[in-house]
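Please consult the sequence and the structure while reading.

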Amino acid sequence: MSKQFDVLVIGGGPGGYVAAIRAAQLGFSVACCESNPYADPKGEPRLGGTCLNVGCIPSKALLHTSHMFEEAGHEFEAQGISVGTPKIDVAKMIGRKNGIVTQLTGGIKGLFKKNKVTMLNGHGSFVGAGKEGGWQVKVGDEVVDAKQVIVATGSKARHLPGIPVDNKIVCDNAGALDIDAVPKKLAIIGAGVIGLEMGSVWRRLGAEVTILEAMPDFLSVADVDVAKEAAKVFAKQGLNILTGVKLGEVKATKKGVSVSYADKDGKAQKLDADRLIVSVGRIPNTDGLNAEGVGLKLDERGRIDVDGHCRTNLPGVWAIGDVVSGPMLAHKAMEEAVMVAELMAGQAGHCNFDTIPWVIYTSPEIAWVGKTEQQLKADGIAYKAGKIPFLANGRALGMGAPVGFVKMLACAQTDRILGVHIIGANASELISEAVVAMEFGAASEDLARICHAHPTLSEVVHEAALACDKRPLHF
Ligand code: FAD
Ligand code: NAI
């Protein structure tokens, strides 16, 4: 007799493990299958998906270490602290990062035990409809019966034709997080989120970093003012970002790679580097799911086709996270996970896709929520803007971080906040206030009338709200 569950979750990333825990909390019998190659100390697949194993968490650990290294080398002196020239022990840095990954991925196994979620080791693949309704899914060698299935299989790095990734010299995100020595010269293809974050890590540690970006505009997903400020600051830091580049051949050399490309003026160029990171976006994981066999519909970009509540075209089959449309972000996957579990339980699960924040963990950090100024213009929406620099903020000066600004965009007619864009220290934390405000449908006036602690960076958010009504107090 096959194993039977109310709910089977395929994939144990942030979407999958959160869906499994929430469904179990709601009284379902739940299993979650995972097949990744990242074995834990017991030789079992690790939970946590891309995020915990080769994404959000390890990259932030390296960003923190490299930030401290840069501060010790370049910022301490100005505050009267002498530590001599700092040295980096790359193996120790990577070991610390691996320790955090082991701790957190193991922690999710603990959460599964606590919530009575059964973990199944193995690749999940649809077999067909179950005999008494529901679905049969093959996990490894056994067949599991589940009344409902949540597909949370995530995504993998997109590779480019003719540029084989060995994760030693030519790396995707996995290899980029495990480089064993600071490269003298590092080339990166793609000035998106990974390119900027990993480029920052290795530049801070001493690599000469060149990022080749195909698009003519830098960071076009961000608000235009933020992108401009970021380009200026990153150039000053020594990140060499070349936009409008057309990639040519990538050849292995004795010491690394040689990348041929045409620059924005069409001139043939060559870039030699010890290492190359390819970070040109991610593709959904649907291989081996037998989607076609059971008629699970994919969209034009190979993602599982879902409605606004993550229902697929098959009854009782849901899909969440990177494998469906929308931003490929861990917190978006987790929101969808909770929504689906609650909908399965007959509750009013909901995910507000208009208030999902974005954060890029460079220094300064970049964070935003809602519409950019260019989107509002394109949509013909009349807006007002309040923009305040961190330069005018006492806390930012005290921290030695008077860089960047907060820009708030509000509806010209109703004053409702439509977007908040931050480039500056702790933007990743500051953006939460904007998300809460937007979730509550706040006007800029609401934020302007709320008391913000002094001295804090959040006062700049406050001043930006005041500036929407042209009455900032400290600028
Ligand atoms: P995943 O995390 O990809 O998990 C899917 C899991 O399913 C995987 O473990 C996979 O092995 C498993 N699987 C796939 N197919 C099957 C199958 N058939 N059977 C069994 N198991 C299967 N997002 C943020 O919000 N903040 C960040 O700071 C951030 N930083 C990132 C940094 C990097 C370098 C990268 C690469 C990504 C980063 N992301 C970040 C994105 C984030 O990691 C993803 O959006 C998130 O992990 C998606 O969660 P998911 O559960 O949908 O998929
Ligand atoms: P990305 O989509 O952020 O950026 C890819 C970049 O590569 C784009 O600027 C694109 O124009 C460029 N590009 C594509 N093809 C190219 C080519 N042939 N030559 C040169 N440039 C080319 O993708 P990235 O950086 O790989 O990250 C994947 C996803 O992972 C992100 O979109 C995000 O969803 C997630 N992520 C999130 C993070 C965060 O939240 N802080 C951190 C890292 C990743």
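## The shell around ligand 2

In this predicted model, helix α6 contributes the most to the shell around ligand 2, giving three residues. Helix α6 spans residues 193-204, and strand β18 also supplies at least two residues of this shell. Among the 22 residues around ligand 2, those that come nearest are Ile194, Glu213, Gly281, Met328 and Val359. By class, the shell around ligand 2 consists of 13 nonpolar, four polar and five charged residues.

Backbone atoms of the protein approach ligand 2 at several points. An oxygen atom of ligand 2 is 2.9 Å from a polar backbone atom of isoleucine 194, and an oxygen atom of the ligand is 3.1 Å from a polar backbone atom of valine 193. A nitrogen atom of ligand 2 is 3.1 Å from a polar backbone atom of alanine 214. On its own, ligand 2 has 840 Å² of accessible area, of which the protein covers 77%.

## The sheet that contains β18

Strand β18, which supplies residues to the shell around ligand 2, belongs to an open sheet of five strands. The strand order is β18-β19-β22-β21-β20, and the pairing is antiparallel. Strands β18 (358-360) and β20 (383-389) form the edges, each pairing on one side only. Neighbouring strands of the sheet are turned against each other by 10 degrees on average, with direction ignored.

The antiparallel pairing of β18 with β19 (residues 365-370) runs over three bridges. Here isoleucine 360 stands opposite isoleucine 366 in β19. Helix α12 (residues 427-439) packs on the sheet and touches β18, β19 and β22 (417-424). The direction of α12 makes about 10 degrees with that of β19.

## The shell around ligand 1

Ligand 1 has 37 residues around it, and Glu34, Thr50, Lys60, Gly124 and Asp322 come nearest. The shell around ligand 1 divides into 20 polar, 13 nonpolar and four charged residues.

Which side chain has an N or O atom 2.6 Å from an oxygen atom of ligand 1? The side chain is that of glutamate 34. In the side chain of threonine 50, an N or O atom is 2.7 Å from an oxygen atom of ligand 1. A nitrogen atom of ligand 1 is 2.7 Å from a polar backbone atom of glycine 124. Taken alone, ligand 1 exposes 1000 Å², and the protein buries 92% of that area. The elements that give two or more residues to this shell are α1 (14-25), β2 (30-34), α2 (49-54), α3 (56-75) and α9 (330-344). Helix α2 gives the most, with four residues.

Key. Residues are numbered from 1 along each chain as its sequence is written. Chains are lettered from A and ligands numbered from 1 in the order in which they are written. This is a predicted model: local features need pLDDT of at least 70, side-chain atom pairs count only at pLDDT 80 or more; totals for chains, interfaces and linings use all residues. Side-chain values use heavy atoms; hydrogens and water are left out. A residue is near a molecule or strand if one of its heavy atoms lies within 4 Å of it. A polar contact is a pair of N or O atoms within 3.5 Å; within protein, one must be able to donate a hydrogen and the other to accept it, and residues adjacent in sequence count only if both atoms are side-chain atoms. Accessible areas come from the Shrake-Rupley method with a 1.4 Å probe; for residues, only the protein chains shown count as cover. Ala, Val, Leu, Ile, Met, Phe, Trp, Tyr, Cys and Pro count as nonpolar, Asp, Glu, Lys and Arg as charged, and the others, Gly among them, as polar. Two strands pair if DSSP finds at least two bridges between them. Axes are lines fitted to C-alpha atoms, for helices over the stretch in contact, and angles run from 0 to 180 degrees between N-to-C directions. Contact means heavy atoms within 4.5 Å.
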